[in-house]
Amino acid sequence: VRRNGLWKMNLFQSVTSALDNTLASDPTAVIFGEDVAFGGVFRCTVGLRDKYGKDRVFNTPLCEQGIVGFGIGAAVAGATAIAEIQFADYIYPAFDQIVNEAAKYRYRSGNLFDCGNLTIRAPWGCVGHGSLYHSQSPEAFFAHCPGIKVVIPRGPVQCKGLLLSCIADQNPCIFFEPKILYRAAVEQVPTEAYTIPLSQAEVIQEGSDVTLVAWGTQIHVLREVANMAQEKLGVSCELIDLQTILPWDTETVCKSVAKTGRLLISHEAPITGGFAAEISSTVQEECFLNLEAPIARVCGYDTPFPHIFEPFYIPDKWKCFDAVKKLISY
């Protein structure tokens, strides 16, 4: 259904739309990865090889180090390189290429050379049955690495705008796509290209009692928690979608906490060394005198991602709701 240049799209279709816009407008743009030529395991590149040719949308060997290494070289040579890692869990073989090469390329050459035209896409987060190797959220590993940007959208509209911003950005970007949302929600998404600024959090819902911060899938969990808190406790929650993990929007988060005095951060990744710890630490330094309660983190456990125990592992609405109750009654 199309209305005024808007199509009904779910999240994977909004990815396809962003990539289609890029290939159409930028003759140097290339898309590559495992199985992208036939459309990819999640159908994100479907139809693009037929439309733009096998020189611009092509498969690679099963070698993540090679995929990113090739992407760095292509970007340095002047191409707009868009690499797909089939699952975020398999980004680790490319870790050295991303952290030691891509992130440091500009710095190493004193800005004579850069690979800023590189964007790495990867399906991310839990999916209901993914177990150890198809459920991880590795954003915190890359948050420790200056020189790259890390972005995670919550829905189709944000996905297309943020992905196009990553592709246009003059720094290498990692774009994690919440795979459980690929087919979940449908929104009216513009067919034309548009961008959403990176490093800007979005206040989705204003509130006065508790600040809730998350990104990706967890935003939808906290939206439910905010409704439960309002209905059952009469508690007003301010909900913030961080959107960009690195460099993140400290100002929006701290401004909110200064107002509410309470903060809950939630993510699926393990709690120790997770990105919630960085947010908590910064907020404690900036807003110490505003805090009415200790900052709460509701995250995954410090174990590998389980299979049959996934419902116990994920930070669901009940765990987050309990944390809100503790924050209020502290």
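Buried means under 20% relative accessible area, exposed means over 50%, and partly exposed is what falls in between (1.4 Å probe, protein chains only). Keep those words at hand for the tour.

This is a predicted model, in which local features need pLDDT of at least 70 and side-chain atom pairs count only at pLDDT 80 or more, while totals for chains, interfaces and linings use all residues. Residues are numbered from 1 along each chain as its sequence is written, and side-chain values use heavy atoms, with hydrogens and water left out.

**Stop 1: strand β3**

Select residues 30-33, which make up strand β3. Helices (H or I, at least four residues) and strands (E, at least two) are DSSP runs, numbered from the N terminus. In a regular strand the side chains alternate between the two faces of the sheet. Show the side chains here: Val30 and Phe32 point one way from β3, Ile31 and Gly33 point the other way, and all are buried.

Two strands pair if DSSP finds at least two bridges between them. β3 pairs with strand β5 (residues 81-84) in the parallel sense over 4 bridges, and the partner of Val30 in β5 is Ala81. β3 also pairs with β4 in the parallel sense, over 3 bridges; here Ile31 has Val57 of β4 as its bridge partner.

**Stop 2: Val57**

Center the view on Val57, which sits in strand β4. Is Val57 buried or exposed? Val57 is buried, at a relative accessible area of 0%. Contact means heavy atoms within 4.5 Å. Beyond its neighbours within four places in sequence, Val57 is in contact with Leu23, Ile31, Val36, Ala37, Leu48 and Arg49. Draw a distance from Val57 to Val36: their C-alpha atoms are separated by 7.1 Å, although the two are 21 residues apart along the chain.

**Stop 3: aromatic rings**

The structure holds 15 aromatic pairs. Rings of Phe, Tyr and Trp (its six-membered ring) pair if their centres lie within 6.5 Å; planes under 30 degrees apart count as stacked, over 60 as edge-to-face and the rest as tilted. Select Phe32 and Phe58, a stacked pair with 5.8 Å centre to centre and 15 degrees between the planes. The pair links distant parts of the chain, with Phe32 in β3 and Phe58 in β4 (residues 57-59), 26 residues apart. Phe32 is buried, with a relative accessible area of 0%.

Phe312 is exposed, with a relative accessible area of 58%.

For a group of rings, select Tyr92, Phe95, Phe141, Phe142 and Phe176, which form one aromatic cluster. Then look at Tyr105: Arg108 lies over the face of its ring, at 4.9 Å from the ring centre. A charge sits over a ring if NZ of Lys or CZ of Arg is within 6 Å of the ring centre and within 35 degrees of the ring normal.

**Stop 4: two loops**

Most residues other than glycine have a negative phi, and most peptide bonds are trans. Select Asp35, in the loop between β3 and α2 (48-52). Asp35 has a positive phi, near 70 degrees, and counts as partly exposed at 29% relative accessibility.

The loop between α5 (105-108) and β6 (118-124) holds Asn111, whose phi is also positive, about 70 degrees. Asn117 is in the loop between α5 and β6, and it counts as buried at 18% relative accessibility. Which residues does Asn117 contact, leaving aside its neighbours within four places in sequence? They are Ala75, Gly78, Ala79, Thr80, Ala81 and Gln170.

**Stop 5: helix α9**

Pro247 is found in the loop between β13 (244-246) and α9. Asp249 caps the N-terminal end of α9, with a side-chain oxygen 3.3 Å from the backbone nitrogen of Glu251.

Now select residues 250-260, which form α9; Thr252, Val253, Cys254, Ser256, Val257 and Thr260 are buried there. The elements that cover these buried residues include β10 (202-205), β11 (210-214), β12 (237-241), β14 (263-270) and α10 (275-287). After α9 comes Gly261, with a positive phi near 80 degrees.

Methods: Polar contact = N/O pair within 3.5 Å; in protein donor to acceptor, adjacent residues only side chain to side chain.
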